[in-house]
Amino acid sequence: MTEDSILNSVASKLKEAVSFSNSNIALKQENALKHYKRDLLPGDAKIRGSSKWVSPEVAQRVDWLNASLIRIFDAPESVCEFVPFGPEDEAVSRQQTQVVNWILQTKNSHLSFLHPWLQNGLITGLGVVTVEFEVESLESLPRLVRGIPNDQLVALYQQEEQGLIVIEEASKPVANELGIETRDLKIRTIRRNPIFNVLSVPPEDFIVSKDAKFSAETGGIEAKLQGHRKYVSKADLLDMGYDAEKVKIIPLATNKSDGIALVRTHDLDGEQGVSGDDVEVYQVYCRLKIDKKPRHYRLTLAGDLNSPVLLDYEETSRFYPYAAMVPFPIADTLFGLGVVDKIADDHVLLTQMSRAMLDDLHQHVNPIKIVNPDVTNLDDLMNMHPGKVVRSADPAAGISYNVSPFAGGDAMPVMQSLSQSLDFSTGVGPQMASLNAADLGDVTATAVNQRTSSGQLLVEMVSRFFADTGYRYLVKLVVDQLIQKPEAAQELISRLTNQYVPLDEFSPEFDVCTSVAFGVMSRDQSLGALTNLLGQQMAAMQAGLPIVQPQHIYATMAKLAEASGFKNTSLFFVDPSTLPPAPPPPPPQDPNAGLIQIETVKAQLKAQSDEADRQFQQAKFAAELDLKRAQMQIDAELKAKELELKYAKPVEQDTITIVEQVPSYPEAYIG
């Protein structure tokens, strides 16, 4: 496919999705946000002389439910954990869990994206976050380096070509005392900074096709097209490397006209930060058949939807970077209900009833005055206040009051009953948050506990669905982004582990399970359950049962610390999996080991003595043999001499001295 055919194929789908989002989603979200901000009801601007009070039911329940969910998801050290396919993948899955939790909770401020994500979902019925992984270049302040010889300039210019430094200024060459030319340089160093951002997407900026629904496999969004729009300056687009000719023809953007955007920026006089050379950019993900077979692509378009400009397209994975939060889902669709959708009608009704009661009360405490103008000065009756002086010729001041009966009290039980019914629609509210003191004398503790647990079922359902869809998919997105950019990921993760991490073994396909105790919402109940579990584990370990290991004990104690409000459990306990393997225990000691050791020493001494005696006997035998051999040699020589003298001719008598030669031996061999 050519760029024109790609643009024609995507532009119509994008325009349809944006139109659907603006006409259906944004309108509902606009009304929901108005209810949350307690804006005036339709027609209130024409009301004069009556109460314009707006009920806080929506705001209270959204904030209560948001706080409950944040407590569930921000308290534990890890919300989700990867499950290995087999024993060979345990180390990789454990490392993935550690890296993902570090990125989501330490590298990013966990609450900074969790709060708007949940709040948008609770208000409008759809909260969305996206992930961005990029490497930015940070330039330091310029510093002056003096006396750089010319032979070192080549290396510095090579570093500048590699993007490691920026040489801003170079002085004229000056000869030093050795006659070598040197220069002074003003240099900026450039540092690569990997950034992994988790960003909340305003609901009005999220784009999705009508067929969107949750994926049962991944927990992400299944749709023909999904993406989001944002405002980017033309200068930034050029820095990103986009074609200058394409960027030049993109029309400038204007402020958003969506109702929800106007409501959101109402306190800012409608200013949305769009100015200068900003343009509207759409980042879209869909499946296209650009080559031989359909694949997943990320497309970047900009400008007017009637004639958009295709800036770039790139093949990507099947994990599109959008994780959704829907508090009250509707089966087989992405677009569920928020808190406002469930209680908006009751919110309006309570507002109207409260206004009528307030107006009635106001008329009761400030009744109509009937004044005789002939005896009373009417000007004195204006702006009445306690202690006001009224001039009158009549002691009674010529004033009578038409006091209307206060009937608003009859509406109080109805309003109270209606407000309590909203607690069961949302799972939060005054009835769920506290108990009437009078109830404690009439019901047992077990009944109170059952009532509290029943009220928390709805909050548990919301948290379970969110954990198994949006948060679960977000965890997979983090791993997928790391795999797509392995060099930057290695640079980022090395700060955590201080070692090489084999990213080739990472996989977003690992199953993900939640590690949050959804069934025990109360902190006291959670502490009691964990304490009971720890006691059972310790009893099993003392009994020698193989069903409990030190890792299980650590997990329970870590959850106890988390339930107590301490998020960093490493301050109290050490994970046994991070410790080096313990040496094998020594064998049991034999009671006869001392006797055996004595006998062993005796045997060694006897063997050494026998060996020394054997060597002595061998040496003695060798010495005796040598002595006998020498004696035999001397005897043979004497015998030969005798024979020679006996048979030889007579000669002059000489003196013959025969010296007996005896070999020399050590003193130990003599005798």
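Let us begin with Ile-553, which is found in helix H16 (residues 550-563). Helices (H or I, at least four residues) and strands (E, at least two) are DSSP runs, numbered from the N terminus. This is a predicted model, in which local features need pLDDT of at least 70 and side-chain atom pairs count only at pLDDT 80 or more, while totals for chains, interfaces and linings use all residues. Residues are numbered from 1 along each chain as its sequence is written, and side-chain values use heavy atoms, with hydrogens and water left out.

Is Ile-553 buried or exposed? Ile-553 is buried, because its relative accessible area is 9%; buried means under 20%, exposed over 50%, and partly exposed in between, with a 1.4 Å probe and protein chains only. Leaving aside neighbours within four places in sequence, Ile-553 is in contact (heavy atoms within 4.5 Å) with Leu-534, Gln-537, Met-538, Met-541 and Val-548.

I turn now to the nonpolar cores, meaning sets of buried Ala, Val, Leu, Ile, Met, Phe, Trp, Tyr and Cys residues joined through side-chain atoms within 4.5 Å. The largest has 86 residues, and Trp-117, Leu-334, Tyr-471 and Leu-482 have the most contacts inside it. Helix H13 (residues 457-484) gives the most to this core, namely 12 residues. Another core, of 18 residues, lies apart from it and includes Ile-6 and Val-18.

Finally, the sheet. Five strands form an open, antiparallel sheet in the order E7-E10-E11-E12-E13, where pairing requires at least two DSSP bridges between two strands. Its edge strands are E7 (206-208) and E13 (309-315).
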